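Hi,

Here is the structure I promised to hand over. Have a look at it first, and then read my notes below.

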Amino acid sequence: MSKDFILPDIGEGIVECEIVEWLVAEGDEVKEDQPVVEVMTDKAMVEIPAKDDGVVEKLYYQKGDIAKVHEPLFRINAEGDSNDAAATEEPKEDDVARASGVARASGTSNETTDFILPDIGEGIVECEIVRWLVAEGDEVKEDQPVVEVMTDKATVEIPAKEDGKVVKLYHKKGDIAEVHKPLFALQPAGGAQASGSAETASGSASQNSAESKPQATAKAEAEPPAKARQGKAIASPAVRRLARENDINIADVSGSGKKGRVLKKDIEAFKSGDNVARASGSSNNADVSANAATSTSGGTRTEAIRGVKAAMAKQMMNSVSTIPHFTYADEFDLTNLIALREKLKEQYKEKGVRLTVMPFFIKALSLALKEFPVMNAQVNEDCTEITYFDDHNIGMAVDTKIGLLVPNVKQVQNKSIIDVANEVTRLTQAAREGKVPQADMKGGTISISNIGVIGGTVATPIINKPEAAIVALGKVQELPRFDENGNVVARKIMTVSWSGDHRIIDGGTIARFNKRWQEYLEDPTSMLVNMV
């Protein structure tokens, strides 16, 4: 039996994702839990597995398209389902049709279905009809754009979900359409051929359709693979949005995809001046070249803020606008800690453990949190309640190719330093590949940002809301300091910079907490007596 795989929730607040790579093709056999597609959200890369054994019949998106949560992602013919099983499903569909006044079983040619406007963005409940791309009576194909609508965030094209004939448009240009309400009515293709009487009633329409099909096929076959095109460009909504964001007329972009389809890489090439073919022909190439030549000095380049960077921008703006930050900084002498780490590094490397100083920082922080639980707490939006967390889920910021990710090590209070080291290795590797599981991104209670690996000594980090504190680690420097006898000695010094939520943390608390953390790190053996 064929059935659609519906894209599930893949993260808190995520309503769409980009198709990075299909791991199967139409016609491939797949097994339950086998990864089918790799998608990228605004937080991480995620692999979506199959739920059943079967054969992939249709992929509803191409690489680079934007897929919506709770909408079909691909269609699969599940193994073990016979034709009889499929047949038993059809009466259910007919029952639904009859209940809504549609007599499919009787073979009438008047069967119509309403296209319900789906969710088109987080928090969006309505949109404006910019223009209809079809008229009543037009034949449409599956995935053909039917209408262009504008939300408060972007302009979006809504495609048809099946072949058929447009019977009614429920709105006019400029009207406001509501999400989850009918947008247009469609008479599905083939619905009129259930019986001889229906076939007779729609004979002329079928004949017209049959006559137009060879013409359409001939046109498709005759379409040259040339760069120039006439009429509307072929492109996915995501590509059209990218073109609009960069103020590019998509009709001017040469498509490198099948049948001249414009891909994301074509938009990027056009931006950089590599793509100079115009829909109006090669006569404009000189103009494009001239524009490229004159823009080598004094020009500007505008890019859309998307993906992880867009999510970070939104999160940071929300944090600084709602949380009163204050900063506290101090120096740590890490000479003894670094010496201990060097002593143990090779020993544990043979056991497959990558021991850096970060696991010591994380474990020592957890020990200090036991004595200062307010540092591991969060307040609600209107600051009327404070919640203390037993688990120390300590986040660590990782600089990746797709932006800054902050996965967290769960329940550090119950882990050994070696356990923490293994988690740090796993999360760092996953973050740099852009494939951090969503569970590792959620539930953080306090964060560490290690700016020192890049450079810099002091920072003012922004709190990862709704957490109450974050610390930035500066670079380790070998600096002169006085020992207990007044002699100048070389010591390994690092500056740490805290930002705290001043609604629940005061200066004295963060100073005492930081002092306790410092004691553990400057004398790492002192951690032993406090670890369980």
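Valine 30 has glycine 54, in strand β6, as its bridge partner. Before I go on, please note that this is a predicted model, in which local features need pLDDT of at least 70 and side-chain atom pairs count only at pLDDT 80 or more, while totals for chains, interfaces and linings use all residues. Residues are numbered from 1 along each chain as its sequence is written, and side-chain values use heavy atoms, with hydrogens and water left out.

Back to the strands: β3 (residues 29-30) and β6 (residues 54-59) run antiparallel and are joined by two bridges. Strands here are DSSP runs of E with at least two residues, helices are runs of H or I with at least four, and both are numbered from the N terminus. Two strands pair if DSSP finds at least two bridges between them. β6 is also joined to β8 (residues 72-78), again antiparallel, by five bridges. Across from Valine 56 you'll find isoleucine 76 of β8, and leucine 59 faces phenylalanine 74 of β8.

Put together, this gives an open sheet of four strands, in the order β1-β8-β6-β3, with antiparallel pairing. β1 (2-6) and β3 are the edge strands with a single partner each, so one side of each has no neighbour in the sheet.

**A helix and its surroundings**

Buried residues (under 20% relative accessible area, with exposed over 50% and partly exposed in between, using a 1.4 Å probe and protein chains only) of α10 include Ile417, Val420, Glu423 and Leu427. The buried residues of α10 pack against α9 (358-371), β20 (394-400), β21 (403-405), β22 (408-409) and α11 (438-441); contact means heavy atoms within 4.5 Å. Just after α10, glycine 434 has a positive phi of about 70 degrees.

**One exposed side chain**

Methionine 317 sits in helix α7 (residues 307-322). Because its relative accessibility is 56%, methionine 317 counts as exposed.

**The whole chain**

The protein chain has 12 helices and 26 strands. Of its 532 residues, 39% count as buried. Among contacts between residues at least 6 apart in sequence, 62% join residues at least 24 apart.

Enjoy looking around!
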